[in-house]
Amino acid sequence: MADVLAEGYNVFDTKKSPSGTVKYLASPADVIGLIQSGKLGEHILLVRGGTTTFLAPALSMGAIGVITMSGAPESHLGILSREFQTPCVMTAHLTGSDSRYVVGSTDESHFEEIARELDGKKVRLDCTDDEVGRVVAL
Amino acid sequence: MTVTTLAKPDYDVLNVLALKKMAGAPAIAAVVDLSAEDVSARLDALAAGGFAVVAGGAALPTDSAEPALAATASEIYAPVRTDADLLGLVEQFEKTNAQLLTTMSAWQQVDVGGRKVANDHTDAEYDEKIISRLERLVGRLDGLIDALARHDPRFATYATRFGAALEGIDGGDHDLVSSPTGDSIHTVWFEFHEDLLRTLGRERAE
């Protein structure tokens with residue numbers, strides 16, 4: 001069994017199984033920087049929320065996979081990821097941690113821990129399950 | 001730290017850029033009451049001021065855009081924020097918005113034996129049902145759009161854009177339901193929602 005680093009909602013079933021280095025994007029500037037670097041296709045993008053609306057340009061420019069730390073598959077970002085057919089795992093939590101996202105009462109440390117643990121790791125997204133999307137270590 | 005407030009036409013241009021996340025002057029001019037040349041000149045000035053960058057022929061907002069828009073909106077839309085009738089309509093919008101998101105997902109995916117699979121759009125009856133639900137939901141925004149347009153006429157553009165998308169869908173162009181690259185119902189709705197939140201100085205709920 002491959003090493004599953006994190007799990008969350010699978011936004012849509014797909015056999016696409018993109019792999020790349022996780023890149024945490026904290027702001028619009030990070031997205032602009034990534035697009036300008038020409039290396040968008042090498043990264044699985046990690047963002048904080050389903051409400052992170054600054055990701056749209058990255059999706060339209062060909063992002064290969066997305067992980068969010070909050071938000072539901074019915075959110076704006078979920079709808080966009082299905083439109084662009086970009087595999088997306090939402091409200092991911094670390095399999096090695098007990099910390100979970102709770103709407104409205106999630107400590108900052110929850111997000112920091114996920115960003116710290118996943119940023120820079122080489123991973124593959126497994127989005128074949130109906131419910132659960134998995135972030136697998138490579 | 002003091003945040004710069006913008007002149008109204010600059011607000012209008014930067015606001016649309018921030019809503020679209022990435023756009024060229026013609027796309028912005030299509031929804032603000034300015035010529036493409038004027039928009040282009042204002043984008044250059046906004047870029048010089050550090051509020052936007054131009055990359056690959058399109059402009060993107062920088063991290064400085066959001067604070068400047070928020071500061072400007074709190075000045076120009078102060079009367080909107082105390083309009084009790086309008087705020088009542090905003091409460092209703094939150095419910096309608098949740099229904100819209102569910103309906104959009106139902107357009108993209110269908111439930112087959114408890115499992116969500118991509119809608120292959122072969123069931124015309126199902127699709128028509130979703131489309132008429134969308135029409136009803138869009139219709140529920142009329143009062144709010146009118147109330148906003150009484151404060152700032154630019155909001156009326158949303159009614160025009162929704163109308164054009166629905167007309168296109170009725171004419172068989174189903175990409176106008178949820179396509180992120182065209183002026184679809186989802187695109188217009190999303191921009192309207194973001195615009196509304198900025199106008200009111202509110203944050204998006206998770």
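**Reading the labels**

Biologist: Why does Asp38(B) count as partly exposed?

Modeller: The relative accessibility of Asp38(B) is 25%, and the scheme calls a residue buried under 20%, exposed over 50% and partly exposed in between (1.4 Å probe, protein chains only), so Asp38(B) is partly exposed. This is a predicted model, in which local features need pLDDT of at least 70 and side-chain atom pairs count only at pLDDT 80 or more, while totals for chains, interfaces and linings use all residues. Residues are numbered from 1 along each chain as its sequence is written, chains are lettered from A and ligands numbered from 1 in the order in which they are written, and side-chain values use heavy atoms, with hydrogens and water left out.

Biologist: What makes the meeting of Arg42(B) and Asp38(B) a salt bridge?

Modeller: Their side chains come to 3.0 Å, N to O, and a salt bridge requires a side-chain nitrogen of Lys or Arg within 4 Å of a carboxyl oxygen of Asp or Glu, so the pair qualifies. The two residues are 4 apart in helix α3 of chain B, which means that about one helical turn separates them; helices (H or I, at least four residues) and strands (E, at least two) are DSSP runs, numbered from the N terminus.

Biologist: Which other residue does Arg42(B) meet in a salt bridge, and how do you know that distant parts of the chain are linked?

Modeller: The side chain of Arg42(B) also meets that of Asp10(B), again at 3.0 Å from N to O. Arg42(B) lies in helix α3 (residues 36–48) and Asp10(B) in helix α1 of chain B, 32 residues apart. Arg42(B) is partly exposed at 22% relative accessibility, whereas Asp10(B), at 19%, counts as buried.

Biologist: What makes you say that the charged end of Arg154(B) sits over the ring of Phe155(B)?

Modeller: The charged end is 4.2 Å from the ring centre, and a charge is said to sit over a ring if NZ of Lys or CZ of Arg is within 6 Å of the ring centre and within 35 degrees of the ring normal. In chain A, Arg48(A) lies over the face of Phe111(A), 3.9 Å from the ring centre.

Biologist: Why is the aromatic pair of Tyr77(B) and Phe155(B) called edge-to-face?

Modeller: The structure holds 8 aromatic pairs over all chains. In this one, the centres are 6.2 Å apart and the planes stand at 65 degrees; rings of Phe, Tyr and Trp (its six-membered ring) pair if their centres lie within 6.5 Å, and planes under 30 degrees apart count as stacked, over 60 as edge-to-face and the rest as tilted. Tyr77(B) is in the loop between α4 (65–76) and α5 (78–81), and Phe155(B) in the loop between α8 (142–151) and α9 (156–170), so the pair ties together parts that are 78 residues apart in sequence. Both residues are buried.

Biologist: And why are the rings of Phe162(B) and Trp189(B) described as a pair?

Modeller: Their centres are 6.0 Å apart and their planes meet at 70 degrees, so this pair too is edge-to-face. Because Phe162(B) belongs to helix α9 and Trp189(B) to helix α11 (residues 185–200), parts 27 residues apart in sequence are tied together. Phe162(B) and Trp189(B) are both buried, and the aromatic cluster that they belong to includes Tyr77(B) and Phe155(B).

Biologist: How many salt bridges are counted between chain B and chain A, and which side chains meet?

Modeller: The count is 1, formed by Arg115(B) and Asp13(A) at 2.7 Å, N to O. On the side of chain B that touches chain A, α6 (84–108) is among the elements that each supply at least two residues, and α6(B) gives the most, with 4.
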